[in-house]
Amino acid sequence: MAQQRVLPQSKETLLQSYNKRLKDDVKSIMDNFTEIIKTAKIEDETQVSRATQGEQDNYEMHVRAANIVRAGESLMKLVSDLKQFLILNDFPSVNEAINQRNQQLRSLQEECDKKLIALRDEISIDLYELEEEYYSSRYK
């Protein structure tokens, strides 16, 4: 597992696109958050009235908050895509899990076989004793 596996070109391209999506979404969150903080600062008088500036800032903050939410949802989708990619393309882990389960089931089967053999031997001994008793009995 420690060795690096060589991925086909399509998988490598897919992983690069995942990496780009991650960087873009995190950058979007950071940029929008930074701009919200800048907008929240109170500035000196400008040519626009305070009420108008307040409405504009409010609208800008809503848009930037929506952008942050969109980037967060995109990151959640990326996590889902990565999980799906890992499940579908991690054959060594799947094979190892299958082999491990097979070993568990084989050991369980061996244990059951041993118990059945022991039970068969006990029943055989008891049956032999019962047959002896029956055939030697005077009440048959």
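How much accessible surface does the chain have, and what share of it belongs to carbon and sulfur atoms? The surface comes to about 12,300 Å², and carbon and sulfur atoms account for 58% of it. Keep in mind that this is a predicted model.

Now the layout. The chain has three helices and zero strands. Read from the N terminus, the order is α-α-α. There are 140 residues, and 10% of them are buried. Next, contacts. Take those between residues at least 6 apart in sequence: 79% of them join residues at least 24 apart.

On to the aromatics. The structure holds two aromatic pairs. One is Tyr-18 with Phe-85, an edge-to-face pair. Their centres are 6.1 Å apart, with 85° between the planes. Tyr-18 sits in helix H1 and Phe-85 in helix H2, residues 50-89, so this pair ties together parts that are 67 residues apart in sequence. Both Tyr-18 and Phe-85 are buried.

The other pair is Tyr-134 with Tyr-135, also edge-to-face. Here it is 5.2 Å centre to centre and 70° between the planes. Is Tyr-135 buried or exposed? Tyr-135 counts as exposed because its relative accessible area is 56%, and the cut-off is over 50%.

Last stop, Asp-25. This residue lies in helix H1, which covers residues 9-40. Asp-25 has a relative accessible area of 6%, so it is buried; the cut-off there is under 20%. What does Asp-25 contact, leaving aside neighbours within four places in sequence? Four residues come up: Arg-70, Ala-71, Ser-74 and Leu-75.

Notes: Residues numbered from 1 in each chain as written. Predicted model: local features only at pLDDT ≥ 70, side-chain atom pairs only at ≥ 80, totals over all residues. Heavy atoms only, no water. Helix = DSSP H or I, 4+ residues; strand = E, 2+ residues; numbered from the N terminus. Buried < 20%, exposed > 50% of the residue type's maximum accessible area, 1.4 Å probe, protein only. Contact = heavy atoms within 4.5 Å. Areas by Shrake-Rupley, 256 points an atom, 1.4 Å probe, with all protein chains shown as cover. Phe/Tyr/Trp six-rings, centres within 6.5 Å; stacked < 30°, edge-to-face > 60°.
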